[in-house]
Amino acid sequence: MAKLLPQFARWTPAALDILRETASRYGAVITVSELADQVLVRTRVESPTSRRTWLGDFMEITALAAARAGDPPLTSLAVQRDGTVGDVYARAVLATTGDVVRDVETRAAEDRLLCYRALATDLPADGGTPRPAKVRRASSSTTSTRPSRARAAVETKPVKVCPTCFTALPATGLCDYCD
């Protein structure tokens with residue numbers, strides 16, 4: 001993990017609350033970007049750096065905090081705009097369980113079901129089934145928290161990650177921490 005930001009101590013409890021609220025509705029998910037927006041609003045603690053530099057580490061720390069609190073794997077509820085969890089979730093699973101996940105999307109679907117079974121107030125009678133996440137468009141009332149199109153385009157670019165420490169690589173392609 002990269003150097004931890006002091007803000008993480010304030011952000012993590014807020015993230016857990018938001019993820020628990022999300023898990024209380026069967027089938028609900030939240031985008032990682034919306035989660036970050038809500039955390040910053042709730043805590044009123046801004047980041048001194050770009051999200052790209054800390055969001056992966058923050059999700060991993062949040063996953064560890066959820067496990068320590070006895071919660072199900074709540075970070076499985078935080079997805080990208082396309083409904084996938086990607087490598088960030090694989091890192092979270094590795095950090096919390098030691099498991100190396102081969103099919104991260106299937107694992108995330110199974111883990112989301114654990115969250116719903118533990119916290120959802122509207123769980124189906126059959127207990128539900130693991131399924132891919134469906135991201136709903138934000139309503140017009142939440143337009144102010146949605147990122148601009150330009151920012152969304154930047155966030156969807158693939159990020160090269162150091163295979164050793166899993167931090168985003170700079171433009172040089174050499175890890176600032178390992179090389």
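Which residues of α2 are buried? Here are some friendly notes to read beside the model.

1. Some ground rules come before the answer. This is a predicted model, in which local features need pLDDT of at least 70, side-chain atom pairs count only at pLDDT 80 or more, and totals for chains, interfaces and linings use all residues. Residues are numbered from 1 along each chain as its sequence is written, and side-chain values use heavy atoms, with hydrogens and water left out.

2. Helix α2 covers residues 32-43; helices are DSSP runs (H or I, at least four residues), as strands are (E, at least two), numbered from the N terminus. Its buried residues are Val32, Ser33, Leu35, Ala36, Asp37, Val39, Leu40 and Thr43, where buried means under 20% relative accessible area, with a 1.4 Å probe and protein chains only. After α2 comes arginine 44, with a positive phi near 55°.

3. Now look for rings. Tyrosine 26 and tyrosine 116 make an edge-to-face aromatic pair, 5.4 Å centre to centre with 70° between the planes (Phe, Tyr or Trp six-membered rings pair with centres within 6.5 Å; planes over 60 degrees apart are edge-to-face). Tyrosine 26 sits in the loop between α1 and β1 and tyrosine 116 in helix α5, so the pair ties together parts 90 residues apart in sequence. Tyrosine 26 is buried at 17% relative accessible area, and tyrosine 116 is buried at 5%.

4. Finally, find aspartate 71 in the loop between α3 and β2. Aspartate 71 is buried, with a relative accessible area of 19%. Leaving aside neighbours within four places in sequence, aspartate 71 is in contact with Arg20 and Ala66 (heavy atoms within 4.5 Å).

Conventions: Phe/Tyr/Trp six-rings, centres within 6.5 Å; stacked < 30°, edge-to-face > 60°. Buried < 20%, exposed > 50% of the residue type's maximum accessible area, 1.4 Å probe, protein only. Expected span 1.5 Å × (residues − 1).
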